[in-house]
Amino acid sequence: MSLRQFISARYLLRTFKLVDDAIDTVTDTVTGSWKEVARMFGLHEDLFENPLHKKLSRPVTAILIGAGHRGSIYADYATKSPDELIIEAVADTNHLRVSKAAKQHNIKSQNCFSNWEDVFKREKFADAVIIATPDKLHTAPCLKALEMGYDVLLEKPIAPTEEECRKILQKAKETGRIVGVCHVLRYTPYFRELKEIIDAKTIGEIISVQHLEPIEHVHMSHSYVRGKWRNSEFATPIILAKSCHDTDIIRWLVGNEADNVHCFGNLKWFTNANAPEGSTERCMDGCLVEKSCPYSALQIYFRDRKRLYVFDLPENKNKWDEIILEGLKTTDYGRCVYRMDNDQPDHLTANILFKNGVTAAFSMEAHVSYEGRRTRIMGSKGDIVGDMETFVMTEFMTGKKTTWSMKTDSHGGGDHRLMKDWVQAIGQQNPALLSSSIDLSVESHIMAFAAEKSRRSRTIEDIIV
Ligand SMILES: NC(=O)c1ccc[n+]([C@@H]2O[C@H](COP(=O)([O-])OP(=O)(O)OC[C@H]3O[C@@H](n4cnc5c(N)ncnc54)[C@H](O)[C@@H]3O)[C@@H](O)[C@H]2O)c1
């Protein structure tokens with residue numbers, strides 16, 4: 001009997017001859033679930049262990065394509081679990097990132113590449129590739145990798161157009177290779193627990209969902225005003241770049257195909273018209289309002305030292321001041337948020353109608369002080385209110401409230417749980433181990449493309465999968 005079964009059967013408590021009433025008291029007062037009992041015994045990881053995981057006969061080998069922020073997080077899994085994953089090679093146009101990855105993963109110099117294309121000039125030499133390049137550079141390496149027989153971990157968004165998404169899906173089917181999409185929210189304990197409760201019909205039939213994606217205001221300024229995703233032309237529309245996670249999670253929780261969507265949203269605040277008097281092109285150009293601006297680059301990057309990964313800082317911290325200040329003078333991260341070439345909406349709402357009649361109201365908001373998705377699920381027998389760390393379920397008949405809570409990182413602990421499932425899927429050659437395989441993930445993108453079309457044309461769009 002596995003540890004999970006052992007606890008799930010409440011075997012442990014019964015062995016100690018606690019009567020059922022007492023068991024219920026223990027579990028109900030905490031959260032009403034056997035999982036909380038397990039948690040009391042410090043068995044956090046066991047709770048979310050996929051029972052299909054096995055000890056692999058050898059580690060999976062992977063090539064990291066794009067060793068930036070996301071790629072490094074996924075590759076870190078190899079450092080944490082070297083018996084499961086080895087990073088065999090790295091490709092990035094940024095030589096600092098190639099060197100850093102090579103050092104961390106002990107990669108031979110002949111396996112360091114300065115462009116994704118060079119990887120595929122060689123015969124296949126690893127099990128899989130991890131593609132974490134910019135949004136518009138997913139399709140070509142992914143198609144090439146599949147043609148050459150590699151399995152793939154593909155960052156979201158899958159691709160910038162619906163046509164390209166479908167092409168990747170088609171190629172994955174043709175080649176029979178595994179493509180896991182980095183919809184990391186599906187792997188978080190929080191959303192997995194919600195999904196389990198919904199599927200068990202504890203709150204009856206789902207009637208509707210309200211889901212808020214708060215992009216904390218500094219995060220918004222960093223990524224979608226100053227950063228690489230600020231313009232939908234050179235990145236992808238924000239509903240795809242940021243919110244395909246949300247269309248995916250809503251669709252997953254509802255468990256039904258989406259039928260129609262309409263969407264409103266615009267760029268209201270981060271525009272030239274709102275540039276304060278006395279502001280300058282760059283925060284360091286003598287801006288008169290720098291000290292009172294919540295988006296001051298000097299404050300965010302230099303004084304508060306936040307989101308520094310874009311500056312490729314060396315280990316020697318003595319050099320940081322100089323490099324950050326130079327970055328604020330020369331890169332987009334030092335520019336005034338009101339004088340950029342950004343076009344991404346800073347607020348949008350989308351209403352989705354599912355084929356089974358469930359409705360979902362989704363909001364993406366930039367002007368908030370907090371992160372962490374807020375979700376309310378309305379069911380026929382109860383409801384759930386949650387904020388990605390805690391949720392409270394209330395059952396209508398009894399008024400009984402059940403609280404679930406777990407502190408994790410800003411991705412809800414999903415990044416490395418995704419990696420674990422992906423490595424297992426590759427090692428066992430079983431895509432069923434992934435809850436975000438390409439065929440399950442494409443629909444969320446089609447929902448996002450339809451929402452963007454609706455936003456631009458003010459129409460109600462059909463979602464045709
Ligand atoms: N799953 C998530 O939650 C999540 C979160 C943030 C970003 N993303 C997505 O992950 C992807 C990467 O984002 P990031 O934040 O890591 O960006 P990043 O800029 O930090 O990393 C991208 C890397 O790709 C490299 N690159 C560019 N052209 C290349 C080429 N021709 N060959 C090889 N490498 C090349 C860049 O030099 C850079 O190091 C994007 O598609 C982004 O939308 C996903």
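Reader: Leaving aside neighbours within four places in sequence, which residues is Gly-379 in contact with?
Author: Gly-379 is in contact with Ile-203, Gly-204, Glu-205, Ile-206 and Ile-207. Contact means that C-beta atoms, placed from the backbone, lie within 7 Å. This is a predicted model: local features need pLDDT of at least 70, side-chain atom pairs count only at pLDDT 80 or more, and totals for chains, interfaces and linings use all residues. Residues are numbered from 1 along each chain as its sequence is written.

Reader: Where is the place of Gly-379?
Author: Strand β11, residues 374-379. Strands are DSSP runs of E, at least two residues; helices are runs of H or I, at least four; both are numbered from the N terminus.

Reader: Why does Gly-379 count as buried?
Author: Because it has 22 other C-beta atoms within 10 Å. The cut-off for buried is 20 or more, with C-beta atoms placed from the backbone; 12 or fewer is exposed, and in between is partly exposed.

Reader: How many residues apart along the chain are Gly-379 and Thr-202?
Author: 177, yet their C-alpha atoms are separated by 8.8 Å.

Reader: New topic. Which residues come nearest the ligand?
Author: Gly-66, Gly-68, His-69, Arg-70 and Glu-155, of the 25 around it. Near means a C-beta atom, placed from the backbone, within 6 Å of the molecule.

Reader: Which helix gives the largest share of that shell?
Author: Helix α6, residues 69-80, with three residues.

Reader: And the whole chain: how many helices and strands?
Author: The protein chain has 18 helices and 15 strands. Of its 465 residues, 42% count as buried.

Note on methods
Contact = placed C-beta atoms within 7 Å.
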